[in-house]
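My entries follow in the order in which I looked.

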Amino acid sequence: MRRDYDNTDYCRRLHALFKPGNGVSPPVLAGRDDELDTLSKRLDLLVCRDEVASDVVLYGPRGNGKTVLLRELERLAERAGADTLTLRPTQVPSALDLAKQLLYNDHDALGGLLDRLTPSALSVSLPGLTSARWQAMSQSERAQVNLERLFPLLAARCRERPLLVTLDEAHTLDIAVGQHLLNLSELVRGKARAPFLLILAGTPGLRDRLGAMNATFWGRARKLGIGRLTPDATAQALARPLTDKSVEFDPDALDAVVEDCQGYPYFTQVWGQALCEALVERRAPRVSLDIVARARPGVDREREDYYQDRYTEMENNDLLAAALVVGDVCGRANERVDSRTLRAALVAAGAAPAESVAKAQVRQLAMLGYLWRQPPGVDWEPGIPSLMRYVNEKTARFTPDEGTGAAPPSGMSP
Ligand SMILES: Nc1ncnc2c1ncn2[C@@H]1O[C@H](COP(=O)(O)OP(=O)(O)OP(=O)(O)O)[C@@H](O)[C@H]1O
Ligand SMILES: [Mg+2]
């Protein structure tokens, strides 16, 4: 699109170009080619009705783009001719709700399916159930049938049309419902060999949650860790959408913004939006350091709000003392730290009375996205490095008793 600040449509599009927010697809989904490649291969198998080897789990700290990856995959699946069902735990509080979602998500797909099935296929898939009988049933009778016969019904639906089910925020899924879903997936894919693919997404707490549902699921699923973007991918996320609007970055301006984003996908969108506002305000032909300087206060305000929420969350979980120590250790080690070093530092600084408590703290901090382990690595790295600096600066303003409950670790200003 040609750059034209006199054109209100152009200005409006520029303002709406970047998408800071929850699960809102960015103009360019940068740096996820490997993940998309892996997922697309599974999707191809699904659509060609070949055997899909296992379910998929996307996990990673908040704001790294799990939901937008799911959305992209749903788009690809629909384009390839599969049915897609987008679920959240709040939609499936019980097994019955799960059954309803799996069978009726496209307005009574099952009724239509039964109409289309030949009598012989019907009696094989659903012995004793005819289309006429199904149509005559009340909602609650149908619901009961669903629960009892969910597996063959779902398999029949998938045979009609391959089905992709995505379940976001799966770390909050009810355990009993999750057990049901994981079993169903195995049965439909494995036993009935029907084209069905389940993709679960959630924060790193998902591993424990899935473990509580099915002891072997995690080990068998294809897992994709969704962490921060590389500097090149960050640059792409920022520059490519603007190039499409005939605006280029000066290299030094792009470097400055990429560095400030720290590979955190959410910040690429916050920066992008602030830069667009500055561009329109100044009617600027390029993103220069001057435009970056104009955009920066707005970005800093957004980030402050974001970090304040994270800080309060850790405070409410009694994790500030641990967060402070962990930030200090990661800073000194230039980010990557092994578990043992972290635990020893927590105990030495008095943030944890024993190694076992330190271990639990590290785990909790990982669940909150403060720490992250990018697979296949085993060392910890910051979820977002500047969040660690924020915690350090904010906590250092309090005395030990008021603030963290622990003395600031050595090397930190009081
Ligand atoms: N690969 C990417 N390139 C550019 N922007 C991205 C990318 N992935 C995510 N974003 C942006 O980051 C923000 C967060 O994305 P998303 O909501 O998908 O993260 P999430 O991991 O699902 O977070 P949460 O765990 O809080 O649900 C959105 O504004 C989205 O547009
Ligand atoms: Mg999400």
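This is a predicted model: local features need pLDDT of at least 70, side-chain atom pairs count only at pLDDT 80 or more; totals for chains, interfaces and linings use all residues.

**Entry 1. Second largest pocket.** H18 is the main contributor, giving the most with 5 residues. In total 21 residues line the second largest pocket, and Arg207, Arg363, Ala366, Arg373 and Trp380 are the ones nearest its centre. I noted a volume of about 550 Å³ for the second largest pocket. Sorted by class, its lining holds 12 nonpolar, 3 polar and 6 charged residues. I also checked the domains: domain 2 (33–225) and domain 3 (317–396) each supply at least three residues of this lining.

**Entry 2. Largest pocket.** For the largest pocket I have a volume of about 690 Å³. Its lining counts 35 residues, with Gly21, Asn22, Gly63, Asn64 and Gly65 lying nearest the centre. The elements that contribute two or more residues to this lining are helix H3 (66–79), strand E4 (196–202), helix H14 (265–282) and helix H15 (289–316). By class I wrote down 13 nonpolar, 12 polar and 10 charged residues for the lining of the largest pocket.

**Entry 3. Confidence.** I then turned to pLDDT. The chain average is 88, and 87% of the residues score at least 70. I marked two stretches to treat separately. Over residues 118–124 the pLDDT stays under 50, and the model has 6 contacts there beyond four places in sequence. Over residues 399–414 the pLDDT also stays under 50, and for this stretch the model has 26 contacts beyond four places in sequence.

**Entry 4. Backbone.** Which two prolines are joined by a cis peptide bond? I found the bond between proline 375 and proline 376, with omega at about 10°. Proline 376 sits in the loop between E8 and strand E9 (381–382).

Next I looked for positive phi values outside glycine. Arginine 193 has one, with phi near 50°. Arginine 193 belongs to the loop that runs between helix H9 (175–191) and E4. Is arginine 193 buried or exposed? Its relative accessible area is 55%, which is over the 50% cut-off, so I put arginine 193 down as exposed.

Serine 246 has a positive phi as well, near 65°. I located serine 246 in the loop between helix H12 (231–243) and strand E6 (248–249). With a relative accessible area of 28%, serine 246 falls between the 20% and 50% cut-offs and is therefore partly exposed.

**Entry 5. Whole chain.** Last, I took the overall counts. The chain has 19 helices and 9 strands. Of its 414 residues, 51% are buried. I also looked at how far apart in sequence the contacting residues are. Taking contacts between residues at least 6 apart in sequence, 74% join residues at least 24 apart.

Notes:
Residues are numbered from 1 along each chain as its sequence is written. Chains are lettered from A and ligands numbered from 1 in the order in which they are written. Side-chain values use heavy atoms; hydrogens and water are left out. On a 1 Å grid over the protein atoms alone, a cavity is a set of points where a 1.4 Å probe fits but cannot get out, and a pocket is an open set with protein on both sides within 12 Å along at least five of seven lines; lining residues have an atom within 4 Å of a point. Grid points are joined across faces, edges and corners, and a volume is the space filled by probe spheres set on the points. Helices (H or I, at least four residues) and strands (E, at least two) are DSSP runs, numbered from the N terminus. Ala, Val, Leu, Ile, Met, Phe, Trp, Tyr, Cys and Pro count as nonpolar, Asp, Glu, Lys and Arg as charged, and the others, Gly among them, as polar. Domain bounds come from an automatic or database domain assignment. pLDDT is the predictor's confidence in each residue, from 0 to 100. Contact means heavy atoms within 4.5 Å. Buried means under 20% relative accessible area, exposed over 50%, partly exposed in between (1.4 Å probe, protein chains only).
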